[in-house]
Amino acid sequence: MATMEVPEHPQISQNNHYDGAPHSSPPSPAGPTFSDYHTKESLDVVSLPPMDGGFDAWAYLASAWVIELLVWSYPFSYGVFLNYYTSRVFVDSPSALLPLVGSLSSGIMYLSSVVVLPVISRYPKQKKNAMTVGIILCVTGLVGAAFSTKPWQLVLTQGVTYSVGGTLLYFPAVTHLFEWFSTRKGLVILSAAMRIFTNAIAFALLILPTFPYIKSPLPPAQIVAPKPINTQFLRHATFWVFFIANIIQGLATSLPNLYLPSNVRHRSQTPCQLWITGMHQPGASAPGLIFVGWLSDRFDLRLSIALTAIGSSLSVFLLWGFATKLPLLAIFAFVYGLLAPSWSALWPRFISTVAGDDPHVSSTLLSVFLGGRGIGNVLAAPISSGLLHPWFLTGRSSTAYGVKGYGPLITFTGVILLISTFAVVYRSFEKASLA
């Protein structure tokens, strides 16, 4: 039988050393780099799928999109829940516990990423097991919330149980991002960012079919060995600029999401108008995330930072603060939803600026930035509860600044978002580090 002649190419054997054609330089003692795997035309053990394209890469992206869509929809639309809870279900209950549910549902997921991402990166064989536990906890939390009769029960179910499950479901999936995509990080991480309402049954039915496609492009021999966590990025001043700005931005970014529906209700709007205003913001976040991700990939990162920080701050001061009727509030919800949540679109660029294209360091840095956002989100609930009190414009102005105790909250939100603009100075620290 005739045999096909195979051209000589460098190959990778199971002991992780190169065999075959001679090299112009000897391989690193640590073995081939991640990029080597995707530039070899043939492999002795397994042929790796291409990065930035191909069925496997796009199937991963579509599956991650579904998981992101469902996991984050509840935390990011909690303002609608809060308005319903305070006006219909728990009218006489302690008000401080109800905003805490929303802060915990997103804050725990952000904060726990600092622990979960390094652990699942070190033990990658457990990713699917973690995701299975996660979906069980998510559905349990949602069903438990549906039968809650006290605010503290909502804290335990929708606030804690759901967020722990979301952590175990979402982060094992997102760790493969830096393995599948190299040149399109900013755009790719955000095309998975559409969030809408769903229910517990649809949650389970839609997520389970995605599991087969949540996988690494690397052969098993390359991912099972535990790897030490690289913390060299802590020595870079650029990292600390991004990290501090990220925490500051996290303090304010969720506040309109929590309180805009309640603010509209206090202006005697109808339930239909409440729904329209409440849905504008999460609905606008999808195109905003994609646009800012694209913008950060194509142009100077400082432009994207300034656009999201200054733009969202001005929308709070001018559109929310001076709104007197529903149309301007709806415009604010759309503009703010387009810009403020898009800050997370900048994380891939923050990461590549600090760590380059190393997927293991990138995964660690992603957990750090997510944790920073979590710190801000968790602190937002007690801070906002303390800000909701009358001030000198209360009852004296027909704008949002004079409605109930929302004036101090609106001012705080706008100022904090504006302060986060200082991240544009990262270039100065980057040059200092190189000097």
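**Exercise 1.** Find which residues Gly407 touches, not counting residues up to four places away in sequence.

*Solution.* 
Step 1. Apply the contact criterion, heavy atoms within 4.5 Å. Gly407 then touches Trp391, Ala400 and Tyr401, leaving out residues up to four places away in sequence.
Step 2. Helices are DSSP runs of H or I with at least four residues, strands are runs of E with at least two, and both are numbered from the N terminus.
Step 3. Check the burial of Gly407: its relative accessible area is 0%, so Gly407 is buried. Buried means under 20% relative accessible area, exposed over 50%, and partly exposed in between, with a 1.4 Å probe and protein chains only.
Step 4. Compare sequence and space: Gly407 and Pro390 are 17 residues apart along the chain, and their C-alpha atoms are separated by 7.7 Å.

The model is predicted: local features need pLDDT of at least 70, side-chain atom pairs count only at pLDDT 80 or more, and totals for chains, interfaces and linings use all residues. Residues are numbered from 1 along each chain as its sequence is written, and side-chain values use heavy atoms, with hydrogens and water left out.

**Exercise 2.** Describe how α12 and α18 pack.

*Solution.* 
Step 1. Take the angle and the distance: the axes of α12 and α18 are 12 Å apart, at an angle of about 150°. Axes are lines fitted to C-alpha atoms, for helices over the stretch in contact, and angles run from 0 to 180 degrees between N-to-C directions.
Step 2. Classify the angle: α12 is therefore roughly antiparallel to α18. The classes are roughly parallel under 35 degrees, roughly antiparallel over 145, roughly perpendicular from 65 to 115, and oblique for the rest.
Step 3. Assign the hand: the crossing of α12 past α18 is left-handed. Left-handed means that the near helix is turned anticlockwise from the far one by less than a right angle; right-handed means clockwise.
Step 4. List the residues that meet: Leu255, Pro256, Tyr259, Ser262 and Asn263 come from α12, and Tyr406, Leu409, Phe412 and Thr413 from α18.
Step 5. Count burial in α12 (residues 255–265): 10 of its 11 residues are buried. Among them are Leu258, Leu260 and Val264.

**Exercise 3.** How many salt bridges does a search of the whole structure find?

*Solution.* 
Step 1. The criterion is a side-chain nitrogen of Lys or Arg within 4 Å of a carboxyl oxygen of Asp or Glu. The search finds 1 salt bridge.
Step 2. Arg302 and Asp300 form a salt bridge, with their closest N and O atoms 2.8 Å apart.
Step 3. Arg302 is partly exposed at 32% relative accessible area, and Asp300 is partly exposed at 31%.
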